[in-house]
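Student: I have a model open and would like to go through it piece by piece. Can we start with how the parts pack?

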Amino acid sequence: MVCAQDVHKRYGRDEVLKGIDLDVAPGEVLCLIGPSGSGKSTFLRCINHLEKIDAGRLSVDGELIGYRERGDLLYEMHEREVCRQRASIGMVFQRFNLFPHLTVLENIIEAPLHVKRESKAEAVERARALLQRVGLREKADVYPSRLSGGQQQRVAIARALAMQPKLMLFDEPTSALDPELVDEVLAVMRGLAEDGMTMIVVTHEMAFARDAGHKIAFMDGGVIVESGPPGEVLSRPRHERTQAFLARVI
Ligand code: ADP
Ligand code: MG
């Protein structure tokens, strides 16, 4: 579903991604861990067109991100195609970014109505089903400010799912939450994983990475230092940098 080959990204002179190679199969959950500043968010942002890569190849579901290939040449994609690609990838951030002037239901149907041009009846029906799925059926008509952080984040997940994405990206979705609200969000993410959603999750929740992740990749200094099944990476890390990081967070 996701394939990165030698992906590079720099900001000015600062090379932030120094050759990322990564594969995520359909239905797989990849947990991306690593210290602050290692390039985790930048990598997710490249997948979702929020940043452009400088070199390498990055594709989702067999399509290059942002480029069309003709023969040996790459052409930048038309804005319309960028929108189409972006609409098929859901992203959930640390901050929930719900529209404060819209109700929960209105937040969820906004993109299906205006980006996908779905009928209101169809969008509302799916939104209600998604609210049920994230355990917030009775909150359809309230405004985000009336919800806890955990509830807001679950709405943000429902909002991303409303676009029926083939891939979900999570960037530290529980880092801004009070500790007692973390589990309700992780439970929703576990459910998604069990339903076969392909996910890349940047997280410091090692218990989640261990039991919900199919694969863990440890990033440091713009490279993937090691990756593999959670049991291996977390219990028997091969690299010193991974060992040092895990010693701090576990
Ligand atoms: P992480 O998510 O692993 O904490 P980031 O991807 O946010 O790491 O950042 C990686 C590096 O890139 C950091 O050194 C950060 O300061 C730098 N960086 C991130 N975004 C920008 C930007 N828009 N402009 C310049 N530097 C940036
Ligand atoms: Mg980050």
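Student: What does H1 lie across?
Tutor: Helix H1 lies across E1, E2 and strand E4 (55–60), where contact means heavy atoms within 4.5 Å. H1 runs at about 65° to E2; axes are lines fitted to C-alpha atoms, for helices over the stretch in contact, and angles run from 0 to 180 degrees between N-to-C directions. Helices (H or I, at least four residues) and strands (E, at least two) are DSSP runs, numbered from the N terminus. This is a predicted model, in which local features need pLDDT of at least 70, side-chain atom pairs count only at pLDDT 80 or more, and totals for chains, interfaces and linings use all residues. Residues are numbered from 1 along each chain as its sequence is written, chains are lettered from A and ligands numbered from 1 in the order in which they are written, and side-chain values use heavy atoms, with hydrogens and water left out.

Student: What order do the 4 strands of that open sheet have?
Tutor: The order is E2-E1-E4-E5, with antiparallel pairing. Two strands pair if DSSP finds at least two bridges between them.

Student: And which are the edge strands?
Tutor: Strand E2 (14–24) and strand E5 (63–64), each pairing on one side only.

Student: How many bridges join E1 to E2?
Tutor: There are 8 between strand E1 (residues 2–11) and E2. Ala4, for instance, stands opposite Leu22 in E2.

Student: Other sheet now. What is the order of its 6 strands?
Tutor: E8-E9-E10-E3-E11-E12, an open sheet with mixed pairing. Strand E8 (89–92) and strand E12 (223–228) each have a single partner strand, so one side of each has no neighbour in the sheet. The twist averages 15° from one strand to the next.

Student: Do E3 and E10 run parallel or antiparallel?
Tutor: Parallel, with 4 bridges joining E3 (residues 29–33) to E10 (residues 199–202). Val29 stands opposite Met199 in E10.

Student: Switching to ligand 1. Which helix gives the largest share of the shell?
Tutor: Helix H1 (residues 40–47), with 3 residues. The residues around ligand 1 (a heavy atom within 4 Å) include Gly37, Lys40, Ser41 and Thr42.

Student: Which polar side-chain atom lies 2.5 Å from an oxygen atom of the ligand?
Tutor: One of Thr42; a polar contact is a pair of N or O atoms within 3.5 Å. In the side chain of Ser41, an N or O atom is 2.8 Å from an oxygen atom of ligand 1. For Gly37, a backbone N or O atom lies 2.7 Å from an oxygen atom of ligand 1.

Terms used. A polar contact is a pair of N or O atoms within 3.5 Å; within protein, one must be able to donate a hydrogen and the other to accept it, and residues adjacent in sequence count only if both atoms are side-chain atoms.
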